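Thank you for passing this model along for comment. My notes are set out below as numbered points, to be read beside the sequence and the coordinates.

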Amino acid sequence: MAITYQLRFRNPDEYGSYDIKDSNCSGIKRKHDRFLIKYAKDGVQDIVEAVTIAKTLYIDFGDTATDAPGAFTGAESDIWYNPDHWSARDLRNLNLTISAGRENKVNIRYYAVNSDKTCTTAKTITADKAGLLDDAEKEAAEAAAEAAAQAAFEEIERDPHATLYVASMNVSINSETGLINQGAFKLRWNDLEKVPLWNSGVRSKYIAIQKGEVEDNSVALMKEQVWLPPVWDFKTYNSYADLNTGKHQQSPTLTRVPTDPPTFRVNYGNSNAPVGEEKGLKNKYKRFRGSTYTTGMALAIDDIVKVAMKGMRPKSEFNFKQVDTNTRFKKEFLSLFNRVPATTETIDTTTSATTMMSR
Amino acid sequence: MAFDTNSTRVHKLINLNLFSGSTDVFRSAVGGYFQIESTEVRQEEQSSISFQEYSVRDPLTPYFDDIIPSSSLKETACDEVVVTNKRFPIRVAGNGEAVLSDAYWKALFVGGWFAGEKINAIYNENIYGYNYFESSLSYPKINAKAISGSIISDEIEISDNYNNYLPDYESYIGRLNSELLIPNFYIISDLQSYGVNATGDDQIIITDNTEGNNEVPYDKDIVKFVTLDGAYENINTVLNYVPTQIGSTITTSPLNTLLSTEYLPKSFVQNPLTASTQDAIKNKLHNIILDNDALTTFYGGGDQITEFAERFPFYTKINFSLDKPIGPSILGATPVFANYITNNEYTTRFLKTLKEAFTGELVALSPTNATYASNLSFISSSEDTIINYAAETTENKDYRYVDFIEMLAYDYNNFRSKTDNCYFVGNKNIYRDAVFDTNGAYRYMNSVSSINTMNDVIDYLNNTANFDINDLGGMLYQSDNPCYNETVAYRVQKVGGSPRGDARTQSTLQNYWFFNSKDVEEFNFIDTQVKYGRDYTYHVYKYVVVVGAKYKFSDLKVTKAIGLDNYDDENNTYGLEFYDPITDKKAEQLQHVDGDDTFENIHTLGTLVQEYSEYPYLADFYLNYEPSVSIYEVPIYSKTLKILDNPPNGINISPYQHLDDSQKIGFGLYYDSFNNAATFPSTINHTDRKIKQDYMNAQDLLSEDSMPFESISRPRYMQIYRLEKKPKSYSDFDNNLRRTLDLRMPGSEDTDETYTVDFFDDKIKTNTKYYYLFRTLNEHRIPGHLSEIYETELISDGGYKYAIFNVLYEQDLEEGVYVNPSKKVRKLIQLQPNMSQLTLNTDLVDFEQEAHTQLQNLKIGSSDDLIWNKKFKVRLTSKKTGKKIDLNITYKLRSS
């Protein structure tokens, strides 16, 4: 059963500290995870006899949302006025501090300390300053909330974000070179955030990837989808991480084929060629200059990295090898003199001279 | 000289191989070298460097008649090298009158013995560097102030500001185990432009302060640090004023902010950081980096830096002008390499790699340490003279540098972060995130910035307008064209305590790295992470990109005569044959141009081995060269200082006598108002003198400079010194402290309220003189101005006792032992030569000749015993005391 507290709250703009006494928490560990809050309407300065629910603050420590605030509808509770309900034996204080939050919000910080340490908690929540609505309003609000949630979901979709995909397939490996045999092939990309797609055999591979391994003779590729406003479009590119392409192989460039589900053509290019990995990556990032894109891109990449790197500690040959397939500079190519140090001289050049300038 | 010592110190860094006497013997032989010249001026040896010019086709050594470069034969030495690299042949023609034979000619180049004489080789194939460059170094402010009529415009100041006395804060940070845990000016200032939002899960997020309240990515450890692990959420308003209302007037003050009233004295001292936050901060803030964006934010406009800084209780400040390239317009030239770095979004990566390289964190990119001649020209003076001196010094000095091309290649090859002990001030963005990438997720970001910068640098070097060598005199062998250089970054290194040993080996508390942004002229560095009264040494470095060259000679071929008589009288030419002097085998000449009138063309058996020449001896070799772009670490200035409060004011004294038989006298002590014309207070003991030295040093004050500021903390103590013997100086009062009065108001332990008036009574003996001296100490026990000395005596004439108070000033203390140590003797005694000693003797003068020719024939004096140039001793003996004075007199003639 939920325990409901009632707090007289004179004015939502009158922030301060309040004590709430609980007569019903005698040593029982409870989940204190939920508040239901209702505030006085604007302009009402104090509680009167015809007080309505809107003028009280309900704090529901119940486990379910249905326990409150119905019990207090239409009247002030005896709990508030009747000292009998305030048991001295099991008295416990809930300290509540309410301060101004952002517009139409209040920040509520509370903590409870009990003699037997039960029910001890400390949290800060943000609540709607306007309080809860009646049933009709509630329904309307729920509908509005649903619409808002949908809009928010869409909005989220429009925000810069990234989704991790993993694809797998059996591959044929050239035993001599260790390279994937060259050719065009199709991949089925699996959005790991959509559970049903896991059932296409990728799930077990993904779990394996998380452990740092994929199965022999299989390939696991990662790609990201990055979307940035204002263009409604997704751009897909190959992953940052190198794949099981062998030490002599250039990183592949993936080209998305507009089919459903999307398929990709993999080209093993030369990093110095006009097309290829570098070109693809360059295209990928060049739109992100400027603070808005920079910020968005940073967030997007953070997400990608956070998720992707969990399973990217390679152990086997066929894994996300973090080998650098770019052309690396060698020191002998940087200088004609090949880093031979200049001749060391030992002569002393100490001098000192002063000339009078002005008097 | 591109710079004027009237504005700045002019610094030249010169390779030692450019000096005469170096292993580059060829240079010493033909000219184009620096040399040391010594002269004696007023019996003092003076030395300076000068440059021996290389005259094109007129070498210094008598063995050579000519040096002929063939830049038309220039070719790329190695195709595989990414930077441009060339070689072209140089021909040396021997002088037939000086060179004795073919064998002698060979020995001149490769060394050996000839006719019992050892001949040192002029030629070698060593690799030499040419990085000689000239740049400006700011005058230290204290030196600039000492220069009479100073017009120095380029100064560097390292000093401190003490603004606000927060005893709890001072005491608390004094106990912290690391300065890095002290609130940082840049971090807190940066957060003032953001919003803060506390989430339900006890997280504090930074927002963009707009209606949308969008999250701005910010380093979570830094947020924990400044919000004290969440105990102080509204860090974004901490620099706001707390208005003070007096009557109807509301005033604001930089001393009265949330920072000074809430955050520092209360929240900060009451909420120690968690161990995890401390560890993270001590790691990250070891190196604080201000990239181009951060510099523009802080220094791009307005004077917000100064405004915000004044709200902090105290800090070290370093002010100086950032180097700008010199150009024809008043705005200067456009920086080349700084632009490459910024345009390619390489700033953050560049600064981090620079940090890693010069702090020894990268084995693969450790700086080279090499010795150079460091030549400095400047104006020198001191405060006790009005004479300025033009000074020039040279010394061997070690400099560190990294090859910029290697650095770019390193960054390209190593896209994963090696270190995380640094923090880029400001919100997170993709460039700042990328440099901390340890798993390759930002590989593209990290590699494309460096490779694009490298492309730009190589393009720059390939442009012959920027770098080209066509003969020895064009660049390598002359002094009028120092290498192009450009300051791209700076470092402020903070070391705890006084300097010990080499600056690089001391324990560095913290480094600040910042880019030389083209949008910032004056840099006002603020360091609030300091404890009160602790010594800190600051080293300021600049990092200069220098476009120099590496070069070497190779493929030497020399000639010998073809046949015994190889001279063609008809054509006045010699028949010569080239050979390799190491193997003595025939070899083809290098300086061959198709169509030349050579053996190959005029004789069917002729090859490139043979040559007709107007010179009897020839030698060919290649000059191989390539540009070298290096980043040099150049120290600008170092100073040790400590944060100190200002001395308190003086005391007005009002003496009085108790009109009873108690034999008590007393003094009313009134804390005086601030006198901004006063110099630093006179001192009594060693501790005072150390404080004075530290304060004057920190504030760059000359001895006659007035005190710029009043004591910030209130006067806390009044000290009363007493002597029973007349002092000769203030130092005599040392160890004679009679009493110290504590001015703190009773019951005000929790406040800093103190009295400014107090009274001191003293019971003294009658008919005995006492000397009293008074002064104030502030809360930091810094002594204030000394009062006058009160010579006090309670006179008892047998019945009535009355006090006499005489005031003595500092100048009254010296006893007049030598009040008038000299008398003008002329009034008492005058020694004059007899006229016979003064008449002109013209017996030997020939008046037919010009006067100046006869001067030596003119004799002075007609006496047989002339006094000139003879010494006389005149002894004066007092009849009264018998004391003697000897006058030693020599009569000399002088022309006037």
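The points below take up the basis of the model, then its aromatic rings, its strands and its salt bridges.

1. This is a predicted model, in which local features need pLDDT of at least 70 and side-chain atom pairs count only at pLDDT 80 or more, while totals for chains, interfaces and linings use all residues. Residues are numbered from 1 along each chain as its sequence is written, chains are lettered from A and ligands numbered from 1 in the order in which they are written, and side-chain values use heavy atoms, with hydrogens and water left out.

2. Over all chains the structure holds 72 aromatic pairs, a pair being two rings of Phe, Tyr or Trp (its six-membered ring) whose centres lie within 6.5 Å, called stacked if the planes are under 30 degrees apart, edge-to-face if over 60 and tilted for the rest. One of them joins F185(B) and Y186(B) in an edge-to-face arrangement, with 5.1 Å centre to centre and 75° between the planes. Both F185(B) and Y186(B) are buried, where buried means under 20% relative accessible area, exposed over 50% and partly exposed in between (1.4 Å probe, protein chains only). These two residues also belong to one aromatic cluster, whose other members include F298(B), Y299(B), F312(B) and Y490(B).

3. Y800(B) and Y802(B) give a stacked pair, at 6.4 Å centre to centre and with 20° between the planes. Y800(B) counts as exposed because its relative accessibility is 55%, whereas Y802(B), at 34%, counts as partly exposed. Together with L659(B), these two tyrosines make a nonpolar surface patch of about 380 Å². Patches are made of residues with over 30% relative accessible area and no salt bridge, like charges being joined within 9 Å and nonpolar side chains (Val, Leu, Ile, Met, Phe, Trp, Tyr) within 5 Å; the areas come from the Shrake-Rupley method with a 1.4 Å probe, and for residues only the protein chains shown count as cover.

4. Two charged side chains deserve a look for their placement over rings, for which NZ of Lys or CZ of Arg must be within 6 Å of the ring centre and within 35 degrees of the ring normal. R27(B) lies over the face of Y477(B), at 4.1 Å from the ring centre, and the charged end of K560(B) sits over the ring of Y579(B), 4.9 Å from its centre.

5. Strand 36 (residues 789–796) of chain B is mostly covered, with 7 of its 8 residues buried. Strands pair if DSSP finds at least two bridges between them, and strand 36 of chain B pairs with strand 37 of chain B in the antiparallel sense over 8 bridges, Y790(B) having V807(B) as its bridge partner. Strand 36 of chain B is also joined by 4 bridges to strand 35 (residues 769–778) of chain B, again antiparallel, and there Y770(B) stands opposite T792(B).

6. Strands 36 and 37 of chain B form a hairpin with 4 residues between them, and G798(B) in the turn has a positive phi of about 105°. D797(B) is found in the loop between these strands and counts as exposed, at 53% relative accessibility.

7. There are 36 salt bridges over all chains, each a side-chain nitrogen of Lys or Arg within 4 Å of a carboxyl oxygen of Asp or Glu. D221(B) forms one with K284(B), the closest N and O atoms being 2.9 Å apart. D221(B) lies in helix 6 (residues 220–226) of chain B and K284(B) in helix 8 (residues 275–284) of chain B, so the pair ties together parts that are 63 residues apart in sequence. D221(B) is partly exposed, at 21% relative accessible area, whereas K284(B) is buried, at 16%.

8. The side chains of R744(B) and E779(B) also meet in a salt bridge, at 3.7 Å from N to O. This pair links loops 35 residues apart, R744(B) being between strand 33 and strand 34 of chain B and E779(B) between strand 35 and strand 36 of chain B. Salt bridges that share partners join R716(B), D742(B), R744(B) and E779(B) into one network.

Conventions: Helix = DSSP H or I, 4+ residues; strand = E, 2+ residues; numbered from the N terminus.
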